[in-house]
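Here are my notes on the model you sent over. Have the structure open while you go through them.

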Amino acid sequence: MERRQFLRGTGAAIGGSLVAGCVGGGSESGTVTVDYAYYNPVSLVLREKGWLGEAFADTGTDVEWVLSLGSNQANEYAQSGEADVSSTAGIAALMARTNGVPITTPYVYSEPEWTALVTFEETGIESVADLEGKRVAATRGTDPYFFLLQALGDAGLSEDDVEVVNLQHPEGQSALVRGDVDAWAGLDPHMAELELEHDGAELFFREPRYNTYGFLNFLDGFLADRTEDATRVLEAYERGREWAIENPEETAGILADASEMSAPVAERVFTQRNDLSRPIPGEPHRELLSDLSPILEREGLVTDDADPAGNVDELIDTEFASEVV
């Protein structure tokens with residue numbers, strides 16, 4: 001499948017895009033379509049090992065993989081029904097659900113610190129306050145974008161005080177290296193690559209609690225109509241999660257090969273910035289998303305009559321995966 005066109009434009013445009021064309025079902029019954037993403041190491045393990053295919057080997061169901069380069073693209077797959085299962089950050093999943101994309105989150109694939117604000121020493125940027133009037137690369141609708149908004153708020157600024165250059169994550173990294181932007185709301189593994197392999201690159205603002213987990217989202221129609229298939233996906237994810245925890249070096253190697261990053265970069269991403277120990281969503285996830293939901297309204301990322309806080313419970317399912325984990 002060719003890469004879909006990335007979400008572009010302002011928050012209002014994103015909100016409108018996620019309303020249009022929403023579907024309630026999954027892909028055809030003879031196929032299960034699941035995304036893989038460089039920011040979701042367990043997905044890379046499953047794809048490398050072929051374990052998802054094994055989970056469906058006795059059913060005649062084919063497994064199709066699609067690449068998500070960011071939460072915005074994963075939400076596009078869910079919106080159009082092109083993926084039954086997709087990987088996003090928590091706040092991006094809430095934005096999509098609030099805008100009518102029929103997804104539910106029964107599983108957390110990671111608790112990462114995968115985003116920070118990045119610059120080069122020569123820019124003179126030392127704090128978030130220094131971003132006023134600067135060009136900042138970010139992918140709207142993804143965790144780094146929401147991270148940037150929270151950081152700006154802490155500094156008494158808003159998106160209106162900076163020029164956000166909307167670029168997909170790898171493009172944002174390249175723009176910073178070229179000097180086309182002054183800072184970048186980064187995402188691993190691209191952020192770790194910049195940190196380790198480019199002199200002068202600095203993560204000048206880090207705040208782990210502003211990272212909103214890695215959510216594994218299922219189309220509502222897939223969960224309701226193909227419950228056994230959804231369970232097979234979760235069983236495969238559990239197999240991959242447990243293996244990744246037990247084999248961190250090999251997992252880092254799979255990440256390096258898939259993303260074409262160096263071994264040190266992949267090792268930093270997986271061993272230092274990913275926690276796979278708590279896969280069942282629960283109250284901490286609800287509380288975090290409820291606290292962040294006003295951002296979606298303030299920035300025009302949801303429709304005018306939407307209720308992001310009210311959609312938190314609709315999004316998070318704490319029961320479905322409990323028999324698997």
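1. Domain 1 is 32–112 + 212–323 and domain 2 is 115–210; the bounds come from an automatic or database domain assignment. Taken over C-alpha atoms, the domain centres are 24 Å apart.

2. Some ground rules. This is a predicted model, where local features need pLDDT of at least 70 and side-chain atom pairs count only at pLDDT 80 or more, while totals for chains, interfaces and linings use all residues. Numbering runs from 1 along each chain as its sequence is written, and side-chain values use heavy atoms, with hydrogens and water left out.

3. Now the sheet made of strands 7-6-8-5-9, in that order: it is open, has five strands and shows mixed pairing. Strands here are DSSP E runs of at least two residues and helices are H or I runs of at least four, both numbered from the N terminus; two strands pair if DSSP finds at least two bridges between them. Strand 7 (163–166) and strand 9 (201–205) are the edges, each pairing on one side only. From one strand to the next, the twist averages 35 degrees.

4. Helix 6 (residues 143–154) packs on that sheet and touches strand 5 (115–120), strand 6, strand 7, strand 8 (183–187) and strand 9. Its direction makes about 75 degrees with that of strand 5; axes are lines fitted to C-alpha atoms, for helices over the stretch in contact, and angles run from 0 to 180 degrees between N-to-C directions. Strand 6 (residues 135–138) pairs with strand 7 in the parallel sense over four bridges, and Val-136 sits opposite Val-164 of strand 7.

5. Which residues have the most contacts inside the largest nonpolar core? They are Leu-117, Leu-131, Phe-146, Leu-148, Phe-218 and Val-233, in a core of 90 residues. Each of domain 1 and domain 2 supplies at least three residues to this core. A nonpolar core is a set of buried Ala, Val, Leu, Ile, Met, Phe, Trp, Tyr and Cys residues joined through side-chain atoms within 4.5 Å; buried is under 20% relative accessible area, exposed over 50%, and partly exposed in between (1.4 Å probe, protein chains only). Leu-131 touches, among others, Leu-117, Val-136, Leu-148 and Phe-204, not counting residues up to four places away in sequence.

6. Strand 1 (residues 31–36) is mostly covered, with six of its six residues buried. Thr-31, Thr-33 and Asp-35 point one way, Val-32, Val-34 and Tyr-36 the other. Strand 1 runs parallel to strand 2 (residues 62–67), joined to it by six bridges, and Tyr-36 has Leu-67 as its bridge partner.

7. The Asp-188 to Pro-189 peptide bond is cis, with omega near 5 degrees, and Pro-189 lies in the loop between strand 8 and helix 8 (190–197). Two residues other than glycine have positive phi: Tyr-213, near 65 degrees, and Glu-260, near 60 degrees. Are they buried or exposed? Tyr-213 counts as buried at 14% relative accessibility, whereas Glu-260 is exposed, with a relative accessible area of 72%.

How values were computed: Contact means heavy atoms within 4.5 Å.
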